[in-house]
Amino acid sequence: MAHTELDLRERRVIEDMLHAKAPVAQIARHLCRHRSSIYREIKRNRFEDTELPELDGYYGMLAEKSAKERRARRRKLVRCETLLAAVVEGLEAGWSPEQIAGRMRQEGQALRVCHETIYAYVYSKDGQAADLARRLPERRKNRRPRHARRARGTVFPPDRAIQKRPEIISTRQVFGHWEGDLMIFQKDLGPANVASLVERKTRYAVLFRNNDRSSTMLMNRLIDLFSPLPLPARQSITFDRGFEFVAWKHLERGMGTEAWFCDPQAPWQKGSVESFNRRARRYLPRDTQLMALSNRSMMAICERLNGTPRKCLGYRTPAEAFREELRKLK
C-alpha cells in the first residue's frame with residue numbers, strides 16, 4: 001500500500017479525540033491508521049509555549065502548517081537551482097551527501113541542506129531521471145532503509161559470544177589476548193576515527209587512524225599491524241557488536257587471530273580498552289581534527305600512554321611489561 005500523509009481532516013479528528021481524552025489506540029482505529037503513525041504525528045507536531053505552558057497541546061491547524069513547512073524544506077533542491085547545482089557538483093566529485101551537507105555547514109553557507117534532504121532528492125523521480133544515485137559512493141539504485149540492519153545473529157554467531165570465550169582469558173594470566181574498539185569524533189569533522197587495541201595482561205595499547213568506518217579496511221589494517229607479532233602475542237581480540245567489526249572473519253583467515261564479542265549494550269565486558277579510551281581522550285578529544293593529525297603525533301600519544309607507570313602492573317609501564325612478555329616467547 002502506498003504511503004499517504006495525514007491530511008487536515010484527520011488532524012482535526014486527532015485534536016478532537018485527544019481533547020476528549022481518547023487513547024491513541026482508539027484514535028488509530030477510528031482513522032484506520034497504525035497507532036505508531038498517530039504517536040509520531042502527535043510528538044512531531046505538538047505545540048509548546050514556554051511562556052504559557054497551559055497552552056501546550058496538539059492543534060490540527062498548527063500541525064497541518066508544520067507538516068507543510070517540512071514538505072517545503074524537502075523540496076528545497078527543486079526550488080533552488082543554485083543549491084542543486086552545488087549538490088550535484090559535490091556528488092560528481094565523489095562526495096557523500098553527509099560530506100556535502102557537512103561542508104556547507106563548515107563554510108557557514110546561508111543556503112544549505114541536510115544530508116537526508118540530499119538523499120531524498122537523489123532517490124526522487126527527478127533525481128532518478130538525472131541518474132544521481134550512480135554518483136553516490138555506494139552507487140545503490142535503491143536506498144537502503146535508514147535503520148536497516150543485518151540480523152546480528154548471523155554476523156556475530158553465538159559461538160563467538162563472550163560467554164564462550166575461554167575462562168583463562170578473563171583471568172589476564174595469559175599473554176596475547178586483546179580488546180578492540182573505535183574512538184568516534186564529531187560528525188561534522190568527517191568519518192575519520194581512531195582504532196584502539198589493548199593487550200589484557202600488560203595493558204599495552206595500539207592506536208591508529210581510520211579514514212572511514214569500513215569494517216574490511218579496519219580488519220586489513222589490523223592484520224598489517226599485528227602480523228609481525230608472533231602468534232602467541234595475538235591470540236584473540238574481543239570487540240563489541242558494532243558494524244565496524246562485521247568483517248571479523250578476516251582476522252582468523254589473515255593471521256590466525258580469534259575474535260570474541262561482548263553482549264549487546266555491554267561495553268564494560270571489554271573494560272581494558274574502555275578505560276584506555278578515557279585516558280586517550282585527554283589527547284584526542286571529540287573535536288580533534290584527525291585528518292590534520294600526523295602519524296608521528298599519533299605514535300607520540302600512544303608512546304606516552306604506554307610509557308606511563310600503572311599500579312596494576314606494580315608501577316611498571318605497559319611498554320616494559322609488553323617487552324618482557326615478548327622476550328619470554330623467544
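Reader: What are the ground rules here?
Author: The model is predicted: local features need pLDDT of at least 70, side-chain atom pairs count only at pLDDT 80 or more, and totals for chains, interfaces and linings use all residues. Residues are numbered from 1 along each chain as its sequence is written, and side-chain values use heavy atoms, with hydrogens and water left out.

Reader: How many aromatic pairs does the structure hold?
Author: Nine. Rings of Phe, Tyr and Trp (its six-membered ring) pair if their centres lie within 6.5 Å; planes under 30 degrees apart are stacked, over 60 edge-to-face, the rest tilted.

Reader: Why is the W178 and F322 pair edge-to-face?
Author: Because the planes are at 70 degrees, with the ring centres 6.0 Å apart. W178 is in strand β1 (residues 177-183) and F322 in helix α16 (residues 318-329), 144 residues apart. Helices (H or I, at least four residues) and strands (E, at least two) are DSSP runs, numbered from the N terminus.

Reader: Is W178 buried or exposed?
Author: Buried, at 1% relative accessibility. F322 is buried too, at 6%. Buried means under 20% relative accessible area, exposed over 50%, partly exposed in between (1.4 Å probe, protein chains only).

Reader: And what do W248 and F261 form?
Author: An edge-to-face aromatic pair, 5.7 Å centre to centre, with 75 degrees between the planes. W248 lies in the loop between β4 (236-239) and α13 (249-255), and F261 in strand β5 (residues 258-261). W248 is buried at 7% relative accessibility, and F261 at 0%.

Reader: Which residues form one aromatic cluster with W248 and F261?
Author: F156, F239 and F245.

Reader: New topic. Where does the charged end of R160 sit?
Author: Over the ring of W260, 4.0 Å from its centre. R281 lies over the face of F185, at 4.8 Å from the ring centre. The test: NZ of Lys or CZ of Arg within 6 Å of the ring centre and within 35 degrees of the ring normal.

Reader: Now α6. Which of its residues are buried?
Author: L83, L84, V87, V88, G90 and L91. They cover an arc of only 160 degrees around the axis, so they are on the same side of α6. The arc is that of the directions from the helix axis to the C-beta atoms.

Reader: What do the buried residues pack against?
Author: α5 (76-79), α7 (97-106) and α8 (115-122). Contact means heavy atoms within 4.5 Å.

Reader: Which exposed residues are on the face turned away?
Author: E81, T82, E89 and E92.
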